[in-house]
Every structure is written in C-alpha cells, then in structure tokens.
Amino acid sequence: MDPTTHSTTDEGTIQVLLVEDDERLARLTSRYLQEHGIIVTVARTGPEGLAEASRHAYDVLLLDLMLPGRDGMEVCRELRTRSDVPIIMVTARGEEADRVLGLESGADDYLAKPYSSRELLARIRAQVRRARGRTGPSSQPIQAGKLSMDPRSLSATLDGKVLSLTSYEFALLRVLAERAGRVLSREQLLDLVKGNADEVFDRSVDVHIFRIRQKIEEDPRNPKLLKTVRGAGYLLATGDET
C-alpha cells in the first residue's frame, strides 16, 4: 500500500484509490493528480485494492483491468455488491467488447491506455460532481425538431408520442437536445449530466445512448436522430437534418 497522508477532508477534497500494478504508471499518475489537489492511495493487486476500498471511503476508484491476484472485473463486481463508489476502469484493452464487459461489471466509466492525464483528471472530477449530486441547468421546456422535453415533469414526446425514459436517459437526452446540432464528446456528456438522485452511478454513456436509440429511432441500428460522429462523440440532429 502506498497512500499519501489522509488528512481530514473538506468539501472540495477528492480522494482517489488507484489500483495499478505498473509501478511507473502508478507513480506518474499519482504525481499528476496530487499536483492538482487530489489525494491518491495506490494498491498494487486486486485483493489489496478490495481491502483498501473496504477500509476507507474514497470518492473515485481508478481500477486497472489486468491485476495480480484478482483481475479488475472481479474486483469491480465484488465492490458493486456493497459500494456505490464511482469506478473508472483504466486498461490497455480498449476494444468495444472489453468496454461493455467492464461497464456491465459495474464500472461507471472506461479509459483506455495510453490516456491523457488531463482527460483522466476531467473524468475523475465529473464522476465526483455527479456522485455529490450537483444540480443541472434550468427547467425551461426544450424543443429540438420533433422532440419536446419538459424538465419540470421529466416528460418527453417525439412527434407527439410520449417517450418512456428513465431519469438518467432523460438527463442525457436533455443535454443533447439543449445543444441539438452540436457534437458532444463522451466526456462532455458526463460532465454536463453530472449527478442524478436516482442513478448516481451511471454504467456508461454508450449503454444509455443505445437504450435511448431503442426508444426514439425507427431503426436503432441506423440512427437518424441520435447520431455517432466517429472519433468525436454524439449529436442530436434537428428536424431539418433528418
């Protein structure tokens, strides 16, 4: 175990548990995060990470997939049986199947190596904001083409048809509708959606996008409204674009 000093935390302090067996990467990551005011504790194995996560209330877990003792998937699944701590899976395996498996195991986000330290910091802060329940934007009605949304009643219709959305799906579709016609990266979406009282630990933006498409697209496999812009993010098309 390689923790920094755990002092009494104030509201703005973020404490992170980094479960990473690559000593050099763990050292560099810890140094960068600490330079930005984040308290970092490092665990080197799966069992060590589980023990430390049970011993202390962390704001975020950075969890490597390939770990000695128990791999990241096992650690994530076990933690989810007793903790809602936000988990960011950090791994060299960035294929879609691995991302989906990690997210279905209970991870909130997924970051493939090599990653930008700035992006990692932004994702950590976004997860903390969501977990701490920061509120979102105003409650004015939203109109984006044939899509109408009322944040006050959490109701949405598409071409007059009522949509059955979960609270998180509504929040995600809302930020897209408020910026219809603009491409939003996954990181921007996480940051904009922030916290949600009913679903404070999101499994993944990608999974929710998939579910929203099942409800708003005629052919979810060939989306016309909620589009993927390869390498950039997602875009909600306006009526004129579809």
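Contact here means heavy atoms within 4.5 Å, and that is the sense in which the buried residues of helix α8 are covered by elements including β9, α6, α7, β12 (226-229) and β13 (233-236). Welcome to a quick tour of this predicted model. The protein chain carries eight helices and 13 strands, and 47% of its 242 residues are buried. Among contacts between residues at least 6 apart in sequence, 60% join residues at least 24 apart.

- The buried residues of α8 are V205, V207, H208, I209, I212, R213 and I216.
- Two of these, H208 and I212, are touched by E169, a residue of helix α6.

- Helix α6 covers residues 167-178, and the distance from its first C-alpha to its last is 16 Å, close to the 16 Å expected for its 12 residues.
- Most of α6 is covered, with 11 of its 12 residues buried.
- Leaving out residues up to four places away in sequence, E169 touches S164, H208, R211, I212 and K215.

- A180 is found in the loop between α6 and β11 (183-184).
- With a relative accessible area of 26%, A180 is partly exposed, because that class lies between the 20% and 50% limits.
- Setting aside neighbours within four places in sequence, the contacts of A180 are A144, L236 and T238.
- G145 is 35 residues from A180 along the chain, yet their C-alpha atoms are separated by 8.7 Å.
- L236 also belongs to the stretch of β13 (233-236), one of the elements covering the buried residues of α8.

**Helix pair α5 and α7**

- Helix α5 (residues 117-131) packs with helix α7 (residues 186-193) at an angle of about 25°, and their axes are 8 Å apart.
- That angle makes α5 roughly parallel to α7, since the label applies to angles under 35 degrees.
- The crossing of α5 past α7 is left-handed.
- On the α5 side the contact is made by E119, R123, A126, Q127, R129 and R130, and on the α7 side by R186, E187, L190 and D191.
- Sorted by class, this contact of α5 with α7 has two nonpolar, one polar and seven charged residues.

**Helix pair α2 and α3**

- Helix α2 (residues 46-55) and helix α3 (residues 72-80) pack at an angle of about 20°, with axes 9 Å apart.
- These two helices, α2 and α3, are therefore roughly parallel to each other.
- Their crossing, α2 with α3, is right-handed.
- The residues that meet are G46, L50 and A53 in α2 and V75, E78 and L79 in α3.
- By class, the contact of α2 with α3 has four nonpolar, one polar and one charged residues.

**Backbone spots worth a look**

- Most residues other than glycine have a negative phi, and most peptide bonds are trans.
- The peptide bond from K113 to P114 is cis, with omega near -5°.
- P114 sits in the loop between β6 (109-112) and α5.
- L154 is not a glycine, yet it has a positive phi of about 55°.
- The loop that holds L154 runs between β8 (147-150) and β9 (155-158).
- D159 has a positive phi of about 55° as well, although it is not a glycine.
- D159 lies in the loop between β9 and β10 (161-162).
- With a relative accessible area of 58%, D159 is exposed, because the cut-off for that class is over 50%.

Methods: Residues are numbered from 1 along each chain as its sequence is written. This is a predicted model: local features need pLDDT of at least 70, side-chain atom pairs count only at pLDDT 80 or more; totals for chains, interfaces and linings use all residues. Side-chain values use heavy atoms; hydrogens and water are left out. Helices (H or I, at least four residues) and strands (E, at least two) are DSSP runs, numbered from the N terminus. The expected span of a helix is 1.5 Å times one less than its number of residues. Buried means under 20% relative accessible area, exposed over 50%, partly exposed in between (1.4 Å probe, protein chains only). Axes are lines fitted to C-alpha atoms, for helices over the stretch in contact, and angles run from 0 to 180 degrees between N-to-C directions. Angles under 35 degrees count as roughly parallel, over 145 as roughly antiparallel, 65 to 115 as roughly perpendicular and the rest as oblique. A crossing is left-handed if the near helix is turned anticlockwise from the far one by less than a right angle, and right-handed if clockwise. Ala, Val, Leu, Ile, Met, Phe, Trp, Tyr, Cys and Pro count as nonpolar, Asp, Glu, Lys and Arg as charged, and the others, Gly among them, as polar.
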